[in-house]
Amino acid sequence: MQPQQDPDRWSRLTAVAGEALAAAKAGEDAVAVDLVTGYLSGSPEGNEEIRELVLLLFAECSSMVGSLGSGGATPVKMQVFDEEGHEVQIDDADPPVRTAIRALLAEVHGDQDAASEQIEIALANGAPQELATVVLQALRWTLKLAIECETRDLPVAPWITDSLDDQP
């Protein structure tokens, strides 16, 4: 996914997303979320850019899921865990996690409009903490999928690879 109309905007979004991924990789979840929500919400197009960034992450996740699932010996399985590390049924997950799952599944199935609608719901109706949860899920999934793709020598977007290579 790359907005053709504005390469500067694309560069800005991937730079912010890359910094947030690096922070998430370092275990700095609050910093990662603040980079996305704090930095972008201060811009004139704040919510639109947050939506675009989260959709960018989900589009990259979808691409990596496709790579991992293409002829791979291990299928890609979506799981949700609670704070204690126990698996939770998707329907029993917290609302912002369900929103993130629905957005990712829509992307994986090629329905960008439905993915965008899920993010719009989070932006319009969710409390700041719920939006933070959606952003954090997108970052965590992108990070985990990128690491798995790199382990299997599968393609990862260069901006993701660059942001993760800068971290230990």
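These are my notebook entries on a predicted model.

**Ground rules.** I number residues from 1 along each chain as its sequence is written. The model is predicted, so I take local features at pLDDT of at least 70 and side-chain atom pairs at pLDDT 80 or more, while totals for chains, interfaces and linings use all residues; side-chain values use heavy atoms, without hydrogens and water.

**Fold.** I looked up the elements and found 7 helices and 2 strands. Both are DSSP runs numbered from the N terminus: helices are H or I of at least four residues, strands E of at least two. Their order from the N terminus is α-α-α-β-β-α-α-α-α.

**Burial.** The chain has 168 residues, and 46% of them count as buried. I use buried for under 20% relative accessible area, exposed for over 50% and partly exposed for in between (1.4 Å probe, protein chains only).

**Leu-105.** I found Leu-105 in helix α4, residues 95-108. Leu-105 is partly exposed, at 36% relative accessible area. Its C-alpha lies 9.4 Å from that of Met-78, 27 residues away in sequence.

**Contacts.** A contact means heavy atoms within 4.5 Å. Of the contacts with a separation of 6 or more, 66% join residues 24 or more positions apart.

**Pocket.** I count a pocket on a 1 Å grid over the protein atoms alone, as an open set of points with protein on both sides within 12 Å along at least five of seven lines; lining residues have an atom within 4 Å of a point. The largest pocket has 37 lining residues, with Gln-79, Val-80, Phe-81, Gln-137 and Trp-141 nearest its centre. Elements giving two or more residues to this lining are α2 (29-41), α3 (46-69), β1 (80-81), α4 and α6 (128-151). The largest share, 10 residues, comes from α6.

Methods: On a 1 Å grid over the protein atoms alone, a cavity is a set of points where a 1.4 Å probe fits but cannot get out, and a pocket is an open set with protein on both sides within 12 Å along at least five of seven lines; lining residues have an atom within 4 Å of a point.
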